[in-house]
Amino acid sequence: MSTTTDLKTPTPDQLEPLMGGTLPRVAPLLVGVCSVALGALAWLLGLSPVVGVVVAWLGYVLGYTVWSRSVEGSRKATDALMRTLMWTAFVLAMLPLVSLIWTVVARGLPVLTPQFLNDDMSGRALLGVGGGIYHAIMGTVMVTAIAAIIAVPIGLFTAIYLVEYGKNNRLAKVITFLVDVMTGIPSIVAGLFAVALFIVVTGDPLPRLGIGGAIALAVLMLPTVIRSVEEMLKLVPDDLREASYALGVPRWRTIVKVVLPTAVAGIVTGITLAIARVAGETAPLLLILGTARVANWNPFEGPVQTLPVYIFQSLGQTTHFKYGEIWTDRVWGAALFLIIIVMSLNLVARIIGKAFAPKTGR
Amino acid sequence: MAKSIDVSDLDIYYGDFLAVEGVNMHIKARSVTAFIGPSGCGKSTVLRSLNRMHEVIPGAHVQGKVTVDGQSLYDSAVDPVAVRRQIGMVFQRPNPFPTMSIYENVLAGNRLNSKKMKKTEADDIVERSLKGANLWNEVKDRLDKPGMGLSGGQQQRLCIARAIAVEPQVLLMDEPCSALDPISTSAIEDLIHELKSDYTIVIVTHNMQQAARVSDETGFFNLKAAGQPGHLVEFNATPKMFANPDNEATEAYISGRFG
Ligand SMILES: Nc1ncnc2c1ncn2[C@@H]1O[C@H](COP(=O)(O)OP(=O)(O)OP(=O)(O)O)[C@@H](O)[C@H]1O
Ligand SMILES: [Mg+2]
């Protein structure tokens, strides 16, 4: 039979050797130094620094791959080449991020004084005396919180329906389609929707109120919340649901006491990220929140200031012949604080995710 | 109070796919019934239709009759949740709740249904159930640790403890010992012997010796051909089944000549 010949024990010379050549451990460093020198040489020869960097990079990629190929063989050489390419992609992706954060921190940090955080834009702030973002921080917190209060329950229950009850039925398919459509709504359109809604509700041709902004943000948040909660619920294995049913536990109790606790880490993380995502939203708020110079805690009346809108409006003043510089500082300060808020939300999401994750340790 | 189960002309579907066809059997109260047969012939499917777990899968449905102590299981007035409270189940794959400790896992059937009970009573149930599943000695010092931190075989015994903690009247076990060592297996078999005096037990197994050891009656399932629905070939008292079965295919399967 043919199978027996295939299974014959290989003779020693048929076996692949287990050992092969390896490059010394300092090889990457060595090639790196050489290629940097090459790049520097290119620069000294009068080429631009950018060309120098490219030359150094090419030198590294080619030099290391060729060396590895000649010593270690083609599999390891390919591995080295791919690793270098991925590191390059990683560095390219990090460059704008790091430079952005660096710039904002460098220019915003000196501005972030306690006075800047506790002051609003009333009084003589417009004349370049004092002034701060207290009202904008509070506005951001209030509008985002209301948006979350509206969007999170609706999103959570929709996702629960889609995963637990609507498996493959018509209604669930329609809802999923609508959610997909909602994901693509431009944020300015959400703002227009809120404006149109409150023109009808209040009769005011130019409504200015916090709840309008919150509704616009909720519209933007909703699909994200639904999608992320849906994904998390889908990750809960059916085995667990069946285990619960088999104990005679009704479906709603299974959802509340087995499915949701199992997925809670992911759900909370998803929701927090959705909140962080809309906290920096500008366009829709510009339409409905108007301009406020002091904190306004009443979401049902009067304009509210939020950080992104504050940044946008301040930017218009930076060309002022006399106060331009002060406004520029304010823009950077507010931008830094907005980044801090969004980053802390991300951090909170991670901490919550860790804290709630099912524990498997002994 | 154990219950007997009557199955007549049962066809079981996954959507349009007919998985098992024309099952007729009588499962006696206070006895152990074993299901044997080659992989994919529908043993799990039949087992799951006995406590209405089958319909949990979207599109899955049955035709025919299953009666438990004379009461029709698939009657429209019957609440599947109530059925499952009386007919417990241990699954082929261990599935402890990952958010719960060992202690909570055993009590899950009571706790998830918000049954109020005293601490001493709860401790009692946990100890009795874990001892029953031969797990007590291994976990008694870490009852508050997560159930997922146990080995596969320990997890399976935890699931058995969880199923017997609610004291069902019928216990369905789908290959409960497939992940267990011989010692735990024999402990589970002892447990089955013990439970037999109070409960009705149905067990799926690929282990002929086990079927011969623990069961009073045996059902042999088979496929007529690949792609055909599974069916019940023979259902008889275990001694007869293993000594001189009525059907040739049964004998071939049991003696290891195929499957
Ligand atoms: N969820 C499902 N959806 C569709 N078909 C299924 C599903 N579960 C099982 N089946 C099919 O039903 C048939 C019987 O499967 P079943 O799981 O009952 O086999 P089994 O006898 O328990 O096998 P094993 O001994 O391997 O556990 C198989 O053809 C299988 O492909
Ligand atoms: Mg099975």
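I started with B:Cys159, which is buried at a relative accessible area of 3% (buried is under 20%, exposed over 50%, partly exposed in between, with a 1.4 Å probe and protein chains only). Before going on, I noted that this is a predicted model, where local features need pLDDT of at least 70, side-chain atom pairs count only at pLDDT 80 or more, and totals for chains, interfaces and linings use all residues. I also noted that residues are numbered from 1 along each chain as written, chains are lettered from A and ligands numbered from 1 in written order, and side-chain values use heavy atoms without hydrogens or water.

B:Cys41 is in none either, with its nearest cysteine sulfur, that of B:Cys177, 18 Å away. B:Cys41 is buried too, at 0%.

Next, the cores. I took a nonpolar core as buried Ala, Val, Leu, Ile, Met, Phe, Trp, Tyr and Cys residues joined through side-chain atoms within 4.5 Å. The largest has 56 residues, with A:Met221, A:Leu233 and B:Phe97 making the most contacts inside it.

I then checked A:Met221: leaving out residues up to four places away in sequence, its contacts include A:Ala147, A:Val152 and A:Ile275 (heavy atoms within 4.5 Å). Apart from this core lies another, of 42 residues, B:Leu150 and B:Ile188 among them.

Key
A disulfide is a pair of cysteine sulfur atoms within 2.5 Å.
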